[in-house]
Amino acid sequence: SNSDKRQVMCIGLAGIPDPGEIKNLREITNVTTRSTKAYLRPISDIQPDSNKAVPYLRKEVTRRCITKKVTMQRIASWTKKKLIEWLQKNPPHSTEHEYIHKCYRELLNEFHLHYLLTSGGMEANLFRLLRAFECLLHRDLRHKFITRHSQLSRHQIDGRNSSLRPKTLYEDAAAMYNSQCVLHSRNFSEKYGEPFHQSVPLHPPTTDHYMTAEAMKKIMTDRFRGSIISVNESFSESGQGDGARQGSTLKDFVTGPKAKATVRASGDATGYFYAALKEEDLLDEYIQVVKPGVAATMANVPSINSIKKKRSSSTSKSSSSAKKKRGERSELYDDDDGDGIGAISLLKRMETKSSIGDAHARVSSIRGQITQDESALPVHQKNRREMLRDLKPFQRRVNEGTLSKGDEDWVEYEMIKEDFDDCVETIKTVKSRIEDLKKELQLCMKELEAATKAAKSVQGGAASSESVGEEDGDGDDDDSVVSGVSNDGSRELNNNEVTNSSTIFSDNSDNDD
């Protein structure tokens with residue numbers, strides 16, 4: 001593989017760790033640690049002193065003999081140890097040093113990018129948060145950021161189900177986040193320092209880490225807004241840092257010893273978001289109180305429908321008819337004298353809708369896990385076959401008695417056998433997890449079916465209540481009751497909008513200027 005070639009080319013070159021120390025590099029450890037989301041391949045595939053690298057070591061010896069114009073070595077009978085010793089004593093030609101260093105950095109960058117895109121660690125989460133911040137503060141969405149609390153017009157509310165209705169800030173930010181455009185982080189070396197001392201590319205996320213509009217809204221409000229307000233208050237109390245009451249720099253207010261616990265819990269991401277808001281001159285607008293009725297998609301916010309309500313003025317009907325009407329209206333509005341707004345009915349409908357949504361989310365999540373495990377299983381099985389191929393020669397020597405503990409190749413045999421046993425155990429675990437997920441999926445499908453039936457029964461009761469209200473048509477005024485439809489002109493992103501969002505934002509629209 002390319003990684004094997006790049007590693008053996010580095011042997012004997014100044015500034016690059018020795019073959020035995022390669023496995024201790026952080027970028028390589030992140031992608032070779034088993035049972036992690038960022039696991040890419042076993043260490044034996046990357047380490048230049050492993051058994052798999054012997055063919056590449058021989059080719060590298062031949063290549064250096066040709067490029068340096070030295071006597072060709074007879075390497076057919078050389079051991080791995082002798083090959084490495086010769087390469088260390090005979091470094092590459094001086095004209096190749098720059099190219100080899102470049103290839104070595106590219107390899108480490110590839111591993112580090114893979115870790116950031118697939119891992120669930122703190123560094124990877126910070127990488128994804130920076131991309132979310134840049135999407136929310138992108139210059140193409142600045143107008144929507146400023147006007148995100150503005151009340152929609154009547155025409156926009158009426159067109160809430162139309163494909164032409166305007167999208168919210170959070171929907172557009174989620175579409176940009178999930179698109180294929182590459183953004184760039186900001187350089188806050190003077191305002192904050194490490195880890196934001198240089199601008200880095202923020203690559204598109206994997207499908208497992210796509211964000212919805214609701215997730216974007218939580219980042220804007222629930223997750224960081226309180227911390228941003230706390231940092232701003234600390235700056236004010238310290239005279240914008242000149243008084244040094246709690247610190248003198250932004251980093252002091254975020255991670256310093258006197259920083260508030262809630263701010264320290266959010267980490268460096270709070271400092272980056274605060275500095276970015278200040279740079280865009282949006283800090284004062286951001287810390288304003290968010291109206292409680294504002295939501296990312298308004299999927300669960302009720303809309304107002306018209307219904308007839310009887311006035312309390314003179315009536316020509318008999319008292320028995322009026323009592324009957326009051327009984328029907330009391331049942332409809334869940335309140336005495338017809339003065340309620342149907343609170344209990346509303347809560348029932350919202351609870352039913354929430355149950356269906358939760359059931360759908362569980363079913364989708366389980367199906368995604370099953371698909372992920374089933375796609376990963378062939379990869380593990382392929383690795384097992386390759387490891388078994390490497391293990392058979394050693395196992396044959398062990399069975400014949402020509403290889404025993406203490407021999408030169410015994411450590412390598414134990415390493416390969418351990419990797420093989422781990423791979424077999426991983427395959428068993430994945431298969432068992434798939435079976436358990438399928439059983440859980442069946443139970444969730446039953447829950448979803450039950451929730452759907454409950455929703456239909458509640459909707460049937462609501463429809464009969466509306467028919468009762470329509471019978472009371474004696475010139476009364478209109479009042480409002482609540483249904484479970486959105487009224488802000490927002491909706492959830494669908495799959496087509498997520499995958500095709502790259503056509504909306506171009507690669508030249510990032511903020512690396």
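Predicted model: local features only at pLDDT ≥ 70, side-chain atom pairs only at ≥ 80, totals over all residues.

Reader: Fine. Which residues of H9 are buried?
Author: Leu169, Tyr170, Glu171, Asp172, Ala173, Ala174, Ala175, Met176, Tyr177 and Asn178. That is ten of the ten residues of helix H9 (residues 169–178), so the helix is largely enclosed by the rest of the structure.

Reader: Switching to aromatics. How many aromatic pairs are there?
Author: Ten. One of them is Phe133 with Phe273, a stacked pair at 4.3 Å centre to centre and 0° between the planes.

Reader: Where do Phe133 and Phe273 lie?
Author: Phe133 is in helix H6 (residues 122–136) and Phe273 in helix H14 (residues 268–279), so the pair ties together parts that are 140 residues apart in sequence.

Reader: Are those two buried or exposed?
Author: Phe133 is buried, and Phe273 is too. They also belong to an aromatic cluster with Phe188, Tyr192, Phe196, Phe224, Tyr272 and Tyr286.

Reader: Now charges. How many salt bridges?
Author: The count is 16. Take Glu60 in helix H3 (residues 54–67). Glu60 bridges to Arg63, with the closest N and O atoms 2.8 Å apart. Glu60 also meets Arg64 in a salt bridge, 2.7 Å from N to O.

Reader: What is the spacing along H3 for Glu60 and Arg64?
Author: Four residues, about one turn of the helix. For Glu60 and Arg63 it is three residues, again about one turn. An α-helix has 3.6 residues a turn, so residues three or four places apart point the same way.

Reader: And which of these counts as partly exposed?
Author: Arg63, because its relative accessibility is 24%. Glu60 counts as buried at 3%. Arg64 is buried as well, at 0%.

Reader: What about Arg397 and Asp409?
Author: Their side chains form a salt bridge, 3.2 Å from N to O. Arg397 lies in helix H17 and Asp409 in the loop between H17 and helix H18 (410–471), so the pair ties together parts twelve residues apart in sequence. Arg397 is partly exposed at 28%, and Asp409 is partly exposed at 25%.

Reader: Which residues form the positive surface patch?
Author: Lys382, Arg385, Arg389, Lys392 and Arg396. Arg389 lies in helix H17 (residues 343–400) and is exposed, with a relative accessible area of 56%.

Reader: Last one. Val363, buried or exposed?
Author: Buried, at 4% relative accessibility. Val363 is also in helix H17.

Technical notes: Residues numbered from 1 in each chain as written. Heavy atoms only, no water. Patch = residues over 30% accessible without salt bridge, like charges linked within 9 Å, V, L, I, M, F, W, Y side chains within 5 Å. Areas by Shrake-Rupley, 256 points an atom, 1.4 Å probe, with all protein chains shown as cover. Salt bridge = Lys/Arg side-chain N within 4 Å of Asp/Glu carboxyl O. Lys, Arg positive; Asp, Glu negative; His and termini not counted. Charge placed at Lys NZ, Arg CZ, Asp CG, Glu CD. Helix = DSSP H or I, 4+ residues; strand = E, 2+ residues; numbered from the N terminus. Buried < 20%, exposed > 50% of the residue type's maximum accessible area, 1.4 Å probe, protein only. Phe/Tyr/Trp six-rings, centres within 6.5 Å; stacked < 30°, edge-to-face > 60°.
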